[in-house]
Amino acid sequence: MTTWQGRILLRFVKLVQGKLARHPFRPDVALRNASMRAAHRCGVPKSDLIRATGLTGQTVTKALAGKRTAE
């Protein structure tokens, strides 16, 4: 079961991805990735992160592992 904190973090990740991460200047990608890791630690499954952000599974996996993404 996902905690309410995880769901809030998931909404924040979705906001960052939808509004900020598509901008050419990308310091916010690190914020998005950190938010995804926090949401995942709170119990949000990787499949929900993929669906909410629209990112590929490989990109989400890299972000959750703390590795640099291609963006």
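Is Leu49 buried or exposed? Leu49 is buried, with a relative accessible area of 0%; here buried means under 20% relative accessible area, exposed over 50%, and partly exposed in between, using a 1.4 Å probe and protein chains only. Let's look at what surrounds this residue.

## Ground rules

This is a predicted model, in which local features need pLDDT of at least 70 and side-chain atom pairs count only at pLDDT 80 or more, while totals for chains, interfaces and linings use all residues. Residues are numbered from 1 along each chain as its sequence is written, and side-chain values use heavy atoms, with hydrogens and water left out.

## Overall fold

The chain has four helices and zero strands, and its pattern along the sequence reads α-α-α-α. Both element types are DSSP runs numbered from the N terminus: helices are H or I with at least four residues, and strands are E with at least two.

Of the 71 residues in the chain, 35% are buried. Contact means heavy atoms within 4.5 Å. Among contacts between residues at least 6 apart in sequence, 53% join residues at least 24 apart.

## Around Leu49

Leu49 lies in helix H3. Leaving aside neighbours within four places in sequence, Leu49 is in contact with Leu10, Met36, Ala39, His40, Val44, Val60 and Leu64.

H2 and helix H3 (residues 46–53) pack at an angle of about 145°, with their axes 10 Å apart. For these values, axes are lines fitted to C-alpha atoms, for helices over the stretch in contact, and angles run from 0 to 180 degrees between N-to-C directions. H2 passes H3 in a right-handed crossing. A crossing is right-handed if the near helix is turned clockwise from the far one by less than a right angle, and left-handed if anticlockwise. On the H2 side, the contact is made by Met36, Ala39 and His40, and on the H3 side by Lys46, Leu49 and Thr53. Sorted by class, this contact of H2 with H3 has three nonpolar, two polar and one charged residues. In this scheme Ala, Val, Leu, Ile, Met, Phe, Trp, Tyr, Cys and Pro count as nonpolar, Asp, Glu, Lys and Arg as charged, and the others, Gly among them, as polar.

H3 also packs on H4, at an angle of about 120° and with the axes 10 Å apart. That angle makes H3 oblique to H4. The classes are roughly parallel under 35 degrees, roughly antiparallel over 145, roughly perpendicular from 65 to 115, and oblique for the rest. The H3 and H4 crossing is right-handed. Lys46, Leu49, Ile50 and Thr53 of H3 make this contact with Gly57, Val60, Thr61 and Leu64 of H4. By class, the contact of H3 with H4 has four nonpolar, three polar and one charged residues.

## H2 meets H4

How are H2 and H4 oriented to each other? Helix H2 and helix H4 (residues 57–65) pack at an angle of about 80°, with their axes 8 Å apart, and they are therefore roughly perpendicular to each other. Asn33, Met36, Arg37 and His40 in H2 meet Val60, Ala63 and Leu64 in H4. The contact of H2 with H4 has four nonpolar, two polar and one charged residues by class.

The structure holds two salt bridges, each being a side-chain nitrogen of Lys or Arg within 4 Å of a carboxyl oxygen of Asp or Glu. In one, the side chains of Asp48 and Arg7 meet at 3.0 Å, N to O. This pair links distant parts of the chain, with Asp48 in helix H3 and Arg7 in helix H1 (residues 4–20), 41 residues apart. The side chains of Asp48 and Arg51 also meet in a salt bridge, at 3.1 Å, N to O. Being three residues apart in helix H3, Asp48 and Arg51 are separated by about one helical turn.

Asp48 counts as buried at 12% relative accessibility, Arg7 as partly exposed at 36%, and Arg51 as exposed at 62%. Leaving aside neighbours within four places in sequence, Asp48 is in contact with Arg7 and Leu10.
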